[in-house]
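I opened my notebook to look up a few spots in one model. Here is what I wrote down as I went.

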Amino acid sequence: MTGEDKFPAVEVLDGKPQKLSLKREVGLVGAVSLVAGTMIGSGIFMSPQFVLVNIGSPGGSLVIWAACGLLAVLGSLCYAELGTVIRESGGEYIYILRTSGPVLAFILIFSSVIFVRPASVAGISLSFAEYALAPFYQDCPCPQLVVKCVAAAGIVVTATVNCLNVRFAMSMQVFFMVAKVLALSVIIIGGVVLLIRGETESFEDSFNGTNLGINPIGIAFYQGLWSYDGWNNLNYVTEELKRPEVNLPRTVMIAIPMVTMLYLLVNVSYLAAMTPRELMLSSAVAVTWGNKVLGSWGWVMSIAAALSAFGSLNGTFFSGGRVCFVAAREGHMPDILAMAHVNRLTPSPALIFTTAISLLVLIPGDFQSIVNFFSFTAWFFYTITLSGLLYLKIKKPELPRTYSVPIVIPILVIMAAIFLVMAPIIDNPAIEYLYVTIFIFSGVLVYVPFIHYKLCPGLLEKVTVFLQLFLEVAPADKNL
């Protein structure tokens, strides 16, 4: 018996049971805002110093930022083809399920639900809190307890908005994307003025001191790619996208090159305003830039960075809750997570669950560790996902495709992904990455008894029915 049979659906006027489905509310503008607005978040305001610390030179850091953008573009083109062949929400989870089978798909969803998505939410919320509090703690470090309380408040507010209304959440995303682009434009214009004035010291012998070791390059990529996280967000909400066969590839070709160009220009501006040493020692790059360039108006950059991170948090929640939702619909998560609110048509149980796990991850987390372990895990699963695209291209060429990429592109991205997974553990192995790997594959220990053999106590069904009535939700069908 499936979750569809166990729990009541919504009745229509003719008396036949009719399941809910999420509406196609996301158009091209909303899609661009979702991708670009999620990408432009905390990373560009938090990661530049970490990229520079690891790679060792201004020129090397700019190469890393450009290479990260190119990798995001190539990866998103591959995902655009996957999204037009497999027109279901869920991103990597649904693609791995359809190409590699349920065991690997469950390992992904287990890692994603317990760590990857909550880690992303926690990392973004921490940077939001750091910048929101920066004007109040200009002369001393902000207490970590205060930072985490503000970060938790940001998570709860964002989750509430996404539970209440999809259209309002997307309107927020468009608003925050405009605010972010304006903030980055201010930084870029300030950098142009500084360069015209001759502030070019940071670019003299700009590759001097570059670290060419595998480990520092890999970690620098991790920190840079954190700022590009969100390039695949649209694939999580394919069933809510209008005309996905057209808008999916069109969106990524608009959003990601735009973000890459903005990031490069912003980093040039940072280096024009600060020496490499000043940038590396800064705890909040945008605030330091604002204090040096805008003077008494430097606090404006703190507010802009906080708003940017909040917008990214909103986009991450919008897409992240759909992963739980789709996995539950496929039988890999509790049935309650595959339900939507009967009036608002939002996947509120999945969003509430994501919120709870994110708050738990937030308690012990620190920004840099979260970024490194998130990136390691994420690129491991990107490798498997893109291998599935190669399988579809070679073994299933007859499948209808409205968009296709040359086979060399997924091969190049897979090679880059393998490098990113292996780099931190080849040159300078750390025991933490072994722990992360063990955690990823521990999902098999959960899959065998609870999914394959369905050793699920009857108590779970009673809890599901209670929560269904309490949360006013019902099973939701695919929107194909």
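**Helix 17**

I listed the buried residues of helix 17 first: Ile-409, Pro-410, Val-413, Ile-414, Ala-417, Leu-420, Val-421, Ala-423 and Pro-424. Buried means under 20% relative accessible area, exposed means over 50%, and partly exposed lies in between, with a 1.4 Å probe and protein chains only. Helices (H or I, at least four residues) are DSSP runs numbered from the N terminus. An α-helix has 3.6 residues a turn, so residues three or four places apart point the same way.

I noted that this is a predicted model, where local features need pLDDT of at least 70 and side-chain atom pairs count only at pLDDT 80 or more, while totals for chains, interfaces and linings use all residues. Residues are numbered from 1 along each chain as its sequence is written, and side-chain values use heavy atoms, with hydrogens and water left out.

Next I checked the length. Helix 17 covers residues 408-426, which is 19 residues. From first C-alpha to last, helix 17 reaches 26 Å, close to the 27 Å expected at 1.5 Å a residue. The expected span is 1.5 Å times one less than the number of residues.

Where is the kink in helix 17? I found it at Leu-420, about 25°, shortly before the proline Pro-424. The bend at a residue is the angle between axes fitted to the seven residues ending there and the seven starting there.

**Helix 15**

I ran the length check on helix 15 (residues 348-362) too. Helix 15 has 15 residues and reaches 21 Å, close to the 21 Å expected. Its buried residues include Ser-348, Pro-349, Thr-354, Ile-357 and Leu-362.

**Asn-235**

I moved to a loop. Asn-235 is in the loop between helix 10 (214-228) and helix 11 (244-273). Is Asn-235 buried or exposed? Asn-235 counts as buried, because its relative accessibility is 2%.

What does the side chain of Asn-235 reach? I found the backbone oxygen of Tyr-79 at 2.8 Å. The side chain of Tyr-95 also makes a polar contact of 2.8 Å with the side chain of Asn-235. A polar contact is a pair of N or O atoms within 3.5 Å; within protein, one must be able to donate a hydrogen and the other to accept it, and residues adjacent in sequence count only if both atoms are side-chain atoms.

I then looked at contacts, meaning heavy atoms within 4.5 Å. Leaving out residues up to four places away in sequence, Asn-235 touches several residues, among them Ala-80, Glu-88, Ser-89 and Leu-248.

**Aromatic pairs**

Rings of Phe, Tyr and Trp (its six-membered ring) pair if their centres lie within 6.5 Å; planes under 30 degrees apart count as stacked, over 60 as edge-to-face and the rest as tilted. I got 19 aromatic pairs by this rule.

Tyr-79 lies in helix 5 (residues 58-85) and Tyr-95 in helix 6 (residues 92-100), so the pair ties together parts 16 residues apart in sequence. Tyr-79 is buried at 0% relative accessible area. Tyr-95 is buried at 1%.

I looked up another pair, Phe-106 and Tyr-447. This pair is tilted, 5.6 Å centre to centre, with 50° between the planes. The pair links distant parts of the chain: Phe-106 in helix 7 (residues 102-133) and Tyr-447 in helix 19 (residues 443-452), 341 residues apart. Phe-106 counts as buried at 3% relative accessibility, and Tyr-447 counts as buried at 10%.

I also noted one aromatic cluster, formed by Tyr-79, Tyr-95, Trp-231, Trp-379 and Tyr-382.

**Thr-316**

Thr-316 is in helix 14 (residues 299-329). Thr-316 is buried, because its relative accessible area is 2%. A polar atom of its side chain lies 2.9 Å from the backbone oxygen of Ser-312. Beyond its neighbours within four places in sequence, Thr-316 is in contact with Thr-38, Arg-117, Ser-120, Val-121, Ile-124 and Asn-233.

**Ile-196**

I ended with Ile-196, in helix 9 (residues 166-196). Buried or exposed? Ile-196 is exposed, with a relative accessible area of 71%.

Terms used: Helices (H or I, at least four residues) and strands (E, at least two) are DSSP runs, numbered from the N terminus.
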